[in-house]
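Work through these exercises with the structure in view. Try each task before reading its solution.

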Amino acid sequence: MTVTPTEDNRFSLTTPLYYVNALPHIGSAYTTIAADAIARFQRLLGKPVLFVTGTDEHGQKIQQTAREKGRDPQEYCDEVVAAFDGLWKKLNVRYDRFSRTTADRHEAIVRDFFQRVWDNGDIYLGQQQGYYCVGCEEFKDERELLENRHCPLHPNLEAEWRDEENYFFRLSKYQQTLEDLYESQPDFIQPETRRNEVLSFVKQGLKDFSISRVDMDWGFPVPNDPNHTLYVWFDALLGYVTGLLDPEEEATLENAVKYWWPFNLHLIGKDILRFHAIYWPAMILSAGLPLPKQVFGHGFLTKDGHKISKSLGNTIDPSELVDRFSADAVRYYFMKEIEFGRDGDYNETRFVNIVNADLANDLGNLLNRTLKMAHKYCGGVLPEIAIDRLGEDCTPKELGLPLSETVKSAYEALEFHRACEAILTLVRTCNKYLDDRAPWTLYKHGEQAAVEEVLYVVLESVRLAAYLLSPVVPQLSTQIYRQLGFETDFDRWDRVLKTASFEVHGRWGALRSGQILNQPSPVFQRIELEVK
Ligand code: ME8
C-alpha cells in the first residue's frame, strides 16, 4: 500500500547523528532502539514513516581522534560508520535514511540553509572569547565548568581558551519567539523536567553563538568565507534535513523539505537538549521553515548504579550484548525496565531475570504449553467459540478488549515501560486463568467445549500480546505469529498492513477458528548465565 505522506498522516523522526570518535556504545543503542520502536509502532498504525539516523563526522573531536590514530579522517569515519550500521542491523533497527555529515549532498543542503539565514541578516562576524569543551564541541560559561576548568560532562578534558574571530548566529533575536513557542506548544519539549530545564535556561537571556571556527579544517568551509570552517553543531543539525532527501533527488533545501518536513519527533538524550530545543528551532525560524513538533530528551543510562565511562572502564558493548542475549532481549530490557525520560540502570542480573521471567516464562512458556494442548485436544486447529458469549469472568478477554487503546496511548506518549507492562499483565492473567481453568482436567471430564474456550482465549491473548509487543521485540512477535499459523513477518510492514492491520489485529478476538496451528517450539530461550 503506498500512501502519499502528508503532514496529517505521516510520521518522521530522528535519532541524534552520532559522533564517530568511538565505536557505538550502549547510549547510542538505547536512543536508536527507542526510535525504532516508535517507528515500528507508527507503521503498525498504517502511517507512512521516515526514520532518520546517521553520523556526525566533522569537528575537532573527530579530527583529533583520527590524528591520534594516525588515520585519514574520512577513512576513519567510513570505518566507524560501518560499525554503526552493523550494530543497527544486529539490533534489528530498520531506519529509512542514514545521514552522514561528510556526504556531498549534505554540503549542498548546508549551503542552501546558510544562505537563507544569511539573507535574513542573522549571521555576523564578531570576536569569540571563551572556554571550549572539545568533548561537547561547545563553548562553556565559566560558571558551568568545574574548578579545574574541566567540563562536568567530560571531566577528563580541560576546556580550551579561545579568542578568535568567528561568525555568529543571532540567537538573541529569537528570545521572545522561542519563549512564545514553549508557552503555546507545551509538548514541544518533553518530558516536563526537560522542558523546565530549557525554560529556566532561556529565561536567563539567550546569547548569540558562534557558528564558525578558524584553524580547524575538518568541516565545510563557511560558504562566503572559506577561511572559516562551519561549526560542527550548525553542520550536524542540518544533517537531519539532508536525511529527508530521496536518494535520487537533487540535493536542494526545497526538495528536502517537500514531504517529510517538519519532523514529528527528534529523539535525543538529555545531554544535547539545548542544541535541539533552543539553537535548532531558532535556526529553523531564521530559515523561514516550519518547526518540528517535538523534541524528547530521554534520561541517561548507568551501569550497576555508576556513570558509564571509558575512564572508569565500565562501558557496555551493545554488540556483545546482542551476541550473548539476542536483539529482542536487549531491546526488551531497555524499553521495559527503564521509564523513558528518566535515568535508568543496566544490571546484568536484573537483565537476565526480567527477560527470563517475562519473555521466556510468562509469554514463551504460555504459548508453548497452550499450543501443545491445542494439538492434543483440538487436533492442532483453532477451535470455534462464541466470543460474544464469554462472560465477565473471562479475565483475559476483559483485559484484552481495552488493551490496544491503553498500549496505543502509552506508545504515543513514548511510555514504553507502560506499554510493555500492560501487555505483560494480560499475559500473566492468562497464566493464572489457564491454571484456574485447568483444561487438562476439563478434558478428562469430557468437557470439550470448555477446553476449546480456554485454549482459544489464551491463544488469542498471546497473539494480541505478540502483536502489541512487536515494536519492541519484532523477531519474537514474528515467531509467535508463525506458530499461531500466520505468515506475518513484522519486518515487512507492507504485508502487515495488508494482512494484520491494527484495526483488526490490534483488537482482542482477531484469531479465526479453523486456523491451522503450527507445532510448538520454544520461541524464546531462557538465558542461563555461566557461573564464574
Ligand atoms: O551528541 N545514556 O553525538 P553523541 C543514554 N553528534 N543515552 C546516551 C548515553 C547514556 N549514558 N550516552 C550517550 C552527539 N547517549 C552529536 C549529536 S545531532 C545533530 C548531533 C546517547 O555520539 C543520547 O542519545 O555524543 C545522546 O543524546 C547521544 O547518545 C549523544 O551522541
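**Exercise 1.** Find which ligand atom lies 2.7 Å from a polar side-chain atom of aspartate 56.

*Solution.* Start at aspartate 56: the ligand atom is a nitrogen. This is a polar contact (a pair of N or O atoms within 3.5 Å). Next take threonine 31, where a polar side-chain atom sits 2.6 Å from a ligand oxygen. Then go to leucine 301: a polar backbone atom there is 2.8 Å from a ligand nitrogen.

The model is predicted: local features need pLDDT of at least 70, side-chain atom pairs need 80 or more, and totals for chains, interfaces and linings use all residues. Numbering runs from 1 along each chain as its sequence is written, and side-chain values use heavy atoms, without hydrogens and water.

**Exercise 2.** Describe the shell around the ligand by class.

*Solution.* Count the classes: 13 nonpolar, eight polar and two charged residues. Here Ala, Val, Leu, Ile, Met, Phe, Trp, Tyr, Cys and Pro are nonpolar, Asp, Glu, Lys and Arg charged, and the others, Gly among them, polar. Of the 23 residues around the ligand (a heavy atom within 4 Å), those that come nearest include Leu17 and Asp271.

**Exercise 3.** Work out the strand order in the open sheet of three strands.

*Solution.* The order is E17-E16-E18, with mixed pairing. Strands are DSSP E runs of at least two residues, numbered from the N terminus; a pair needs at least two bridges. E16 (residues 301-303) joins E18 in the parallel sense over three bridges. Threonine 302 has aspartate 345 in E18 as its bridge partner. E17 (306-307) and E18 (344-346) each have a single partner strand, so one side of each lacks a neighbour in the sheet.

Definitions and conventions
A polar contact is a pair of N or O atoms within 3.5 Å; within protein, one must be able to donate a hydrogen and the other to accept it, and residues adjacent in sequence count only if both atoms are side-chain atoms. Helices (H or I, at least four residues) and strands (E, at least two) are DSSP runs, numbered from the N terminus.
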